[in-house]
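Student: I have a model open and want to learn how to read it. Can we go feature by feature?

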Amino acid sequence: MSEEKPEGPTPGFLVWRLSMKWRVAVDRALAPLGLTHAQYSLLASLRGMAKAGVRPSQRELADHSGLEALYVSKLARTLEAEGLIRRLRDPDDSRAIRLSLTERGAEATGEAVAVVHGLLDRLVEPLGGLDAEHTRAFCAELRQLLDVPLDA
């Protein structure tokens, strides 16, 4: 019994293409601020966690952002050298490094969030913009796919 192949690109291909397109767009938009998309992902996640009262470890930030722990460590060292974040040993767990934004990092992240928010509003305009019901439904579907375990 042969399976029917879907017409056109698969969902996986479309998600990959969209993620690559948006990554390039974010990289270009953030270049004038001296940030990459990966650095922005770390800084924006750190900002969001701080607003929620969390001072995450590198591992917690990796889990939250979806970035590999080793990559978060590398990014964090770079961002620390640039004066955007602080990396401090956790007093309760000598293996853990806690991260926080510096004042300069908070300012830079605020600027970057504004730039990316404007870009995303433009990118989802075909769905009605960031505040549209269609966009909210799209985000709900993406969260549903992100919740599927990889080791099933």
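Student: Does Q58 count as buried or exposed?

Tutor: Start with the cut-offs: buried means under 20% relative accessible area, exposed over 50%, and partly exposed in between (1.4 Å probe, protein chains only). Q58 has 12% relative accessibility, so Q58 counts as buried. One caution: this is a predicted model, where local features need pLDDT of at least 70, side-chain atom pairs count only at pLDDT 80 or more, and totals for chains, interfaces and linings use all residues. Residues are numbered from 1 along each chain as its sequence is written, and side-chain values use heavy atoms, with hydrogens and water left out.

Student: Where does Q58 lie, and what is Q58 in contact with?

Tutor: Elements come from DSSP runs, numbered from the N terminus: helices are H or I, at least four residues, and strands are E, at least two. Q58 lies in helix α3. Contact means heavy atoms within 4.5 Å. Leaving aside neighbours within four places in sequence, Q58 contacts V72, S73, A76, R87, I97 and L99.

Student: Which residues does R87 touch?

Tutor: R87 sits in strand β1. Beyond four places in sequence, R87 touches Q58, A76, R77, E80, I97, R98 and L99.

Student: Which residues of α4 are buried?

Tutor: First the general idea: an α-helix has 3.6 residues a turn, so residues three or four places apart point the same way. In α4, the buried residues are V72, S73, L75, A76 and L79. They pack against α2, α3 (58–65), β1 (85–90) and β2 (93–101). After α4 comes G83, with a positive phi near 75 degrees.

Student: At what angle do α2 and α5 pack?

Tutor: Axes are lines fitted to C-alpha atoms, for helices over the stretch in contact; angles run from 0 to 180 degrees between N-to-C directions. Helix α2 (residues 37–51) and helix α5 (residues 103–123) pack at about 110 degrees, axes 10 Å apart. That makes α2 roughly perpendicular to α5 (65 to 115 degrees). Y40, L43, A44 and R47 in α2 meet T109, G110, A112, V113 and V116 in α5.

Student: Which residues touch the most other members of the largest nonpolar core?

Tutor: In soluble globular proteins, nonpolar side chains tend to be buried together. A nonpolar core is a set of buried Ala, Val, Leu, Ile, Met, Phe, Trp, Tyr and Cys residues joined through side-chain atoms within 4.5 Å. Here the largest has 26 residues, and L30, L43, I85 and L99 touch the most other members. Its largest share, 6 residues, comes from α2.

Note on methods:
Parallel < 35°, antiparallel > 145°, perpendicular 65-115°, else oblique.
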